[in-house]
Amino acid sequence: MNHILVTGGAGFIGSNFVRHMLKKYPHLKITNLDALTYAGNLDNLKDIEKDPRYRFVQGDICDEKIVAEAMDGCDAVVNFAAETHVDRSIHAGDLFVMTNVKGVYVLCEEARRRKVQRFLHISTDEVYGSRLEGYFKETDPLSPSSPYSSAKAGGELLARSYFVTYDLPVLITRSSNNFGPFQYPEKLVPLFVTNLIENKSVPVYGDGKQVRDWLFVEDQCEGLDLVLHKGELGEIYNCGSHNEEFNIDVTMAILKLLGKGTDLITYVQDRPGHDRRYAVDTDKFKLGWVKKHNFQQGLEKTVKWYVENEQWWRAIKQKQADYKAWMDKHYKPLEAK
Ligand code: NAD
Ligand code: DAU
C-alpha cells in the first residue's frame, strides 16, 4: 500500500487515523476527501497539513466526479465519511441515507473501476441493535434501531456485496463507542467534559443505565491499521475494548476527574428507541491487536486533552451558539416580530 484515500479524515476518528498512519509509515501518501460538514474540521489536522505526503480534497463522497479525482493514484480506500450522530438522525434522517448508503455506493463503484488493493469500510456495533446479555458475533443478524444505524447497515451490506459480486477487496469493521481527542462536542464524553469545564449541567438521558463499550481512539486506529494490512478480504471484524460502563458511571468518572459535583447532573427525557446495551465479541479482531488503554487511562488522557485545548472546542461551541442565535432571531413566530 502506497497511497490511501481516507474519506472523512477531517472528523474525529479519521483525523486520528491520518495522523497515526503518516507517523507509522514514512513512505505512505494520504489523500483526505472530506465534505467539511459541521463535524469536519481542518484544525484537527493542523500539525500535519504541510506534510508533503498529505493532500486534502474538499468534496462529497456522493459526488462521482470528485470521488474519481480524489481516488486517482490511490491503491487503498478507508471510508470513515458518514453522518454519525444518532440524535441528529432521529431529528432528520435524509442526509444519513445519502452519505451512509449512496456515498458508499459511489466509493465502491470508483474503487471497482480502479481495482484498488484494499477497501476498508468503517461500520458500527450499532448495526446489531441492543442486547442485555452476552456478545454479538460477526455472524449474528443485523437489527439496527435508529435511522443512523440502519443507514450504516445499508452501507456495509452494499460494500460487502461488492466483494461477493465484483471481488472488490472489501474489509469491514464494526466498532464500539470511540472516545478521545478531537471528538466533536455533541457526543457524550466531549459534551460532558466541555460542559463541566464551563460549569454547565450535563444531560443524562433516561435513567443513565445504558451500557456502551468504550474504545480509546488511539487503540482504535492501531486496530484499524491491523485490519487494513492483515484482515482477510471479504471479512467483517468487530472492534471493541471490553470497557463496558453505564452512562451514569461514565458521567461520575468525568465529574471526579474535573472535581465537579453531582448537582451538575440533569436527568432528561430518554432518546427515542434508545439501545440499552451494545456489546461485541472481539475474538476475531485480535490479529495481534492489544489495547493499550483501559477506560480510566483513556478517560484521563481525554479529559486532559480537552482541558489543554480549550480554543479547539470553544471555537466549535461558539459556532453552535451563533447558529442558534441567528435561527432564534430570524425564525421568531410571526406575531412576536
Ligand atoms: P465524525 O462525525 O467525527 O466525522 C465524520 C466526517 O465525515 C466529518 O469530517 C465530515 O465532514 C465527513 N463527512 C460527512 N459526510 C460526508 C460526505 N458526504 N462526504 C465527505 N465527507 C463527509 O465521525 P467519527 O465519529 O469520526 O466516525 C467516523 C466513522 O466511524 C463513521 O463512519 C462512523 O459511523 C464510524 N464509527 C464511529 C464510532 C464512534 O464512536 N465515533 C464508532 C463506530 C463507528
Ligand atoms: O456504538 C458506536 C456508536 O457510538 C457510533 O456508531 C456512533 O457514530 C457514535 O455516535 C456512538 O453512538 P452513541 O449513540 O452510543 O453515542 P453518544 O455519544 O451519542 O451517546 C452515548 C450514550 O450516552 C448513549 O446511551 C446516549 C447517552 N447520552 C448521549 C448524549 C449526547 C446521554 O445520556 N446524554 C447526551 O447528551
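**Exercise 1.** In which helix do arginine 112 and glutamate 109 both lie, and how many residues apart are they?

*Solution.* Some conventions come first. The model is a predicted one, in which local features need pLDDT of at least 70 and side-chain atom pairs count only at pLDDT 80 or more, whereas totals for chains, interfaces and linings use all residues. Residues are numbered from 1 along each chain as its sequence is written, chains are lettered from A and ligands numbered from 1 in the order in which they are written, and side-chain values use heavy atoms, with hydrogens and water left out.

Step 1. Both residues belong to helix α4 (residues 94–114), three residues apart, about one turn of the helix. Helices (H or I, at least four residues) and strands (E, at least two) are DSSP runs, numbered from the N terminus.

Step 2. The two residues form a salt bridge, with the closest N and O atoms of arginine 112 and glutamate 109 3.4 Å apart. A salt bridge is a side-chain nitrogen of Lys or Arg within 4 Å of a carboxyl oxygen of Asp or Glu.

Step 3. Glutamate 109 also meets the side chain of arginine 113 in a salt bridge (4.0 Å, N to O). Arginine 113 and glutamate 109 are separated by about one helical turn, because they are four residues apart in helix α4.

Step 4. Glutamate 109 is buried, at 14% relative accessible area, while arginine 112 is partly exposed at 31% and arginine 113 is exposed at 54%. Buried means under 20% relative accessible area, exposed over 50%, and partly exposed in between (1.4 Å probe, protein chains only).

Step 5. A network of salt bridges links Asp72, Glu109, Glu110, Arg112, Arg113 and Arg114. The structure holds 27 salt bridges.

**Exercise 2.** Determine which parts of the chain are tied together by the salt bridge of glutamate 244 and arginine 277.

*Solution.* Step 1. The side chains of glutamate 244 and arginine 277 meet at 3.0 Å, N to O.

Step 1. Glutamate 244 lies in strand β12 (residues 244–246) and arginine 277 in the loop between β13 (265–268) and α9 (295–308), so the pair ties together parts 33 residues apart in sequence.

Step 2. Glutamate 244 is partly exposed, at 28% relative accessible area; arginine 277 is buried, at 9%.
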